[in-house]
Amino acid sequence: MTALLELDGLSKSFGGVRAVKGLSFAVEDGEILGLIGPNGAGKSTLFNLINGVFMPDSGRLRFRGLDITGTPPHRVAKHGLARTHQIVQPLEAMTVIENCMVGACFGRENLPRAQALDTAREAAVFVGLEDRLETTAAHLTIAGKKRLELARALAAQPILLLLDEVLAGLNPTEIAHMIGVIRRLRERGITILMIEHLMQAIMSLSDRIVVLNSGQKLAEGAPAAIANDPAVIEAYLGDPALARELQQGSGDERRAP
Amino acid sequence: MSGLFASIIDGVLVGSVYGLAAMGLTLIWGVTDVVNLTHGSAIVAGMFGLYLLTSTGVPPYATLPLILVGGFLVGLLLYWICVHRVIGRPPLMSLLSTFSVNLVLIGLGTAVWGTALFNVPVALPSVSWQRYTFPGTHILAAVLTAAIAGCLYVFLHRTRLGKAIRAVANNRGAAELVGIPTTQVLSLAFGLGVALAGVSGMLIATLFPFTLLSGDAYQLKSFVVIVLGGLGNPTGALLGGIALGLVEGLSTPFMPVSWTLVIEFVLFVIVLIAYPNGLLAPRRA
Amino acid sequence: MRGGAPGGSAKHAAIVRRPFFWIIALVIAAFAVAPLLGNDVELRESLLLAAVYITLASNLNIMLGYAGYVNFGSIVFFGLGGYLCIYLMGSPGWPLVAAILVAGAGVSLLALLFGLGILRLRGAYFALGTIGVNEAVQAFVSNFDPWGGSSGIYLSTELFQALGGPMQALWSIYFLLVAVMGLSLYLSYAIKSSKFGLGLLAIGQNEDAAAVLGVPTALYKALAYSASAFLPAIAGGLYFFKSAFIQPTDAFDLTFSTEAIVIIMLGGQGTIIGPVLGGYFYEELRGWLLTSETFSHFQLVVAGVLLLLIVLFLPGGLMGWLHGRWPKLRRVLE
Amino acid sequence: MNRLCLMAAAAVIAAPAASFAADNTLTIGMTQSRTGALNVDSLAQQRGFDMWRDEVNAAGGIKVGDKRYKVQFALYDDQSQGSRVQQLYTRLIVQDKAQFLFSPYSSGLTATAAVISEQYGKLMIITGGAEPKTYELGNKYLFQIITPADHYLTGAVEALATKDPHAKVALVYSDDPFSKAVVQATRDQAKEAGFADVLDEAYPPSTTDFGPLVNKVISSGADALLGGGHYADGATLARQLYDQKANLKWVTLLVAPGDAKFATLGQAALGISVGSQWEEKATFKPQIGPTGAEFAKAFKAKFNEEADYHSASGYAGGLILQHAIEQAGSLDTDKVAAALNAMDITTFFGQCKFATDAKHHGLQVAHQMVLAQWQMKNGKLEREVIWPKAAATADILYPIR
């Protein structure tokens, strides 16, 4: 496996608050890398740095060997990097299919509009929105909007997909469906970097896990090793429920919903 | 040289009144996110308020509290007519709803008064220095403006109600969560903004003659002022007004006055793009 | 997840096959033919203003309805186009068609430059910025001596001879303006059904999300701003050629661009036929108010009340109402 | 509220009046600025037209050969904006079949309307557009009743020269087509008179505060100020000159001091003079129509307001057209135009004669403006004619401060 995305000493501050400090790790081709850490650890900031919404203060970003540090988001997208948002950002007045067409038209393939329609439909069907194609995004349920986020990112035909808490706010049935979708994505060869608070899910899905705390990397390794890392447990002690979940999640993979 | 000095003083005096006019506009913008296009009409209403009240025998400066209260009530009314339903909607909606009410106001005013000239003579002793004279009306207007700005500052920063207004301005959702009745606060801020515009109109009318259509020029100036002083920042507006007065005062001795407008609006666009929070605000990352 | 190419090429076939293409053609034909029946010059004058309004509104709609940017000072394109055209036709003595084309191209280019600056602003800030640009340009032109400063430029009425005398010239100008209106509608339509249009609509919905999806937002906005300047500038050239006279207060009159916004509201934002309906009804309404003995004193009041009612209770405009009433219309009328 | 009632009444009366358009009716078309910035002057001009029409109709109508024609107006609101003028004048000509036209108020609107009247070959009497450029574009059917812009301040220069032949003059004027056209001529006239031009400034018409500019006037050491523009700006300038004690010995402004409301400026109005197209107190011996005093009295009786020069020019425009039609004995545009081209006549408004050369056709060449000054009479501000000497009703007040 070769490194698909490399982070090298990435830092970012906001008005004196250092959100990310000298962070380095790599995402390997074809894996699912889980990103966990307590609230405020800098996970979402990291996503915004990777896809160019924020400009890092220092450090480098390399994607498939190409330096993409400071590249604006729309160009990052062309390189084959797509993402979902923690707080859903649907294009409200547009239909599901139109939302996906934006992804298809302006993503990695940069498709002409006429060809984007089929790609878009396929992406929407893939996440299970086949009977909502002509619904305006504003009228979807929260679960529907989460799926739409994913479908839109998929329509871009990305090489690397950044998933920011796609399971948050879903009920158990919906979570099970979404996990199925993510598994099938990996089967298609799409590399995934995901942030998730639902420990059981992320422990079971991920090949490797990176733990962030106060903007720094606390640990990195296989799920089982992470769950038993004293430093990680220490960091999560502020949130005992999460800490408990962390241990349970790695203990029995089948218990994942 | 002394001419330049006189122009600077005059610029500061009149500029502070521009600042007062803009204060109402920027307060409304900051709190309700509405660009109030009835602003010009509110200023003219203040002018006519002075004219009508003095013609019934009220001394000019005694009209100030009356216009303040009247303006506030009119502002509340306007809020419920054209603003309440468009709060939180895209900016186009509030721009158009206030614009349409402005059309109605100007239309009614034209039908009643026409666009004839009105003048309210106010006799006050003036201050002379060398060949130049600073009329008492200008000085008093600047002093009253400073006093009103001071009161507004204290009100916004020291009283419960004022703090509620600022909280709603900062984050409406959060303010609602902590139990602030946002709708009341929004209507109150709108009323206050209109009252300030009315009072500024009243003060302007003590300085210069006016017509029903004078509001347009002051509304446009108010936009320039709030951009210079920082959008949504009432105290900044006073400084922005003085800055505009200085631009007018300082440029006049050195170049044809017809170029003043070019300078004003080029400055306006540049500041808006480069310093969207105003010249005085610290630049945030 | 490869796209199915066969379906795509059929879609690509031609915009001409879609019924909406012909609906636009019908509108243009109606404008062109109606005044010819019975040689009705009064109708022509009224439709001429409607065509100007529709041109302004339709192009403004590209920024406002698609990309969601409220351009309050769009009249600056119209005025600058008028000035460039009148100036070129005056002392250098250019023919009309060359002058309007250069005016259109020149103003588009200028818009691209302005756009790169003020398109960094959003929401009401952008609206203010466009007012500022218009006022700054007006103040500058008032001081710009080659264009006659505040006195403006007068054209000799003899210039109408080139178009076959004054009476014929009015017809020629009318048909040219109808053509410009038609091109505006097709431009709106072409943009809306293109990838560029999809990107603009995405920007209009959520600019940050659009950027993350790969839409080159800054470039698209600047292009849209520039594209929406081209035809209004040409319309300005024709309009002021018809007046044979241009001065800064007429050329950069903000009420004109506010009227264009009102027309979009009336017709329905982001729709193509909306500005047509809005422009036509607005012109009829205003014309009726101005010429009515009873209402002309109160026309501002009537206009204001109507607009307020629309904004408060019918924010989707006529098209929004029609689409809500008969959802199937959505497929035919865009 | 008065105006509201008046208008409602006018609407009721006008509606039936328009409907009995008999054969022997002559339609004259025009627009009025019922809304917008030109509302005041336009209303005054319209009252002049209206009064002429009512008097003509009361007397049985205009005599054409052995027929008599009643006059009827077709009238629309132009909103003080150029954008509608062409549409409305086309409508007047085509739909309302107006046989003759009166101009809208202001140079800008008149220039725009003139294009249409020429294109349709209709005759237009111009009472509200002084800017001379309009007449240089090769027209055939425009006729200007009022003195063109280049002579608005001629009287002021002449009067000032009698008091101080070496006056230091500041030209301070609004940056609009009309005021610029006036001052362009004044500049040369002042030079010829031997004045020193110490300041030459065009201010934006939207100027609200003249403070810095007044200080600039003071710094220039000027004795006299000539210029101004329209209403709000002229009145504000006058008031600030007074408030800031500019101590000028002479001030002549355009338009604003010609309005009765200028007196509300009080002391600030004292001594300010205005180039006026007509003053009630000016006495011309009319060859046709009423005398100035008769006109003023009838106007006051009808509208309960003093007549100003816009009203007088409107009324005079009607008189001149009537006279031309009666002379021509026909309603044919070319015949009436020929009568106007040949006309040289004096009314209460003054002399009237039009340029007939192709380069300036229709330009008024005979009408003389007077210079009026606000003076204190028995504790009341009144406008007195002070120039030309022959028409003067009072001595020149100089210096004014």
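Here are a few questions and answers about how the chains of this predicted model meet.

Reader: Which two chains share the most contacts?
Author: Happy to start there. Chain A and chain D have no contact, with their closest C-alpha atoms 37 Å apart. Of the 4 pairs of chains that are in contact, the one sharing the most contacts is chains B and D.

Reader: How far apart are the nearest C-alpha atoms of chain A and chain B?
Author: Contact here requires heavy atoms within 4.5 Å. Chain A and chain B do not touch, and their nearest C-alpha atoms are separated by 7 Å.

Reader: How much area do chain B and chain C bury between them?
Author: The interface brings 38 residues of chain B into contact with 39 residues of chain C. Carbon and sulfur atoms account for 84% of the buried area, and the total is about 3,300 Å².

Reader: Which residues of chain B lose the most area to chain C?
Author: Three residues together make up 17% of what the chain B side buries. They are B:Leu92, B:Leu96 and B:Ile273.

Reader: Which helix supplies the largest share of the side of chain B that touches chain C?
Author: Good one to check in the structure. At least two residues each come from α3 (63-83), α4 (91-113), α9 (215-229) and α11 (260-274) of chain B. The largest share, 15 residues, belongs to α4(B).

Reader: How many residue pairs are in polar contact between chain B and chain C?
Author: The side of chain B that touches chain C has 32 nonpolar, 4 polar and 2 charged residues. Across this interface there are 0 salt bridges. For polar contact, with both residues at pLDDT 80 or more, the count is 2 residue pairs.

Technical notes
Residues are numbered from 1 along each chain as its sequence is written. Chains are lettered from A and ligands numbered from 1 in the order in which they are written. This is a predicted model: local features need pLDDT of at least 70, side-chain atom pairs count only at pLDDT 80 or more; totals for chains, interfaces and linings use all residues. Side-chain values use heavy atoms; hydrogens and water are left out. Buried area is the accessible area (1.4 Å probe) that two parts lose on being put together, summed over both. A salt bridge is a side-chain nitrogen of Lys or Arg within 4 Å of a carboxyl oxygen of Asp or Glu. A polar contact is a pair of N or O atoms within 3.5 Å; within protein, one must be able to donate a hydrogen and the other to accept it, and residues adjacent in sequence count only if both atoms are side-chain atoms. Helices (H or I, at least four residues) and strands (E, at least two) are DSSP runs, numbered from the N terminus. Ala, Val, Leu, Ile, Met, Phe, Trp, Tyr, Cys and Pro count as nonpolar, Asp, Glu, Lys and Arg as charged, and the others, Gly among them, as polar.
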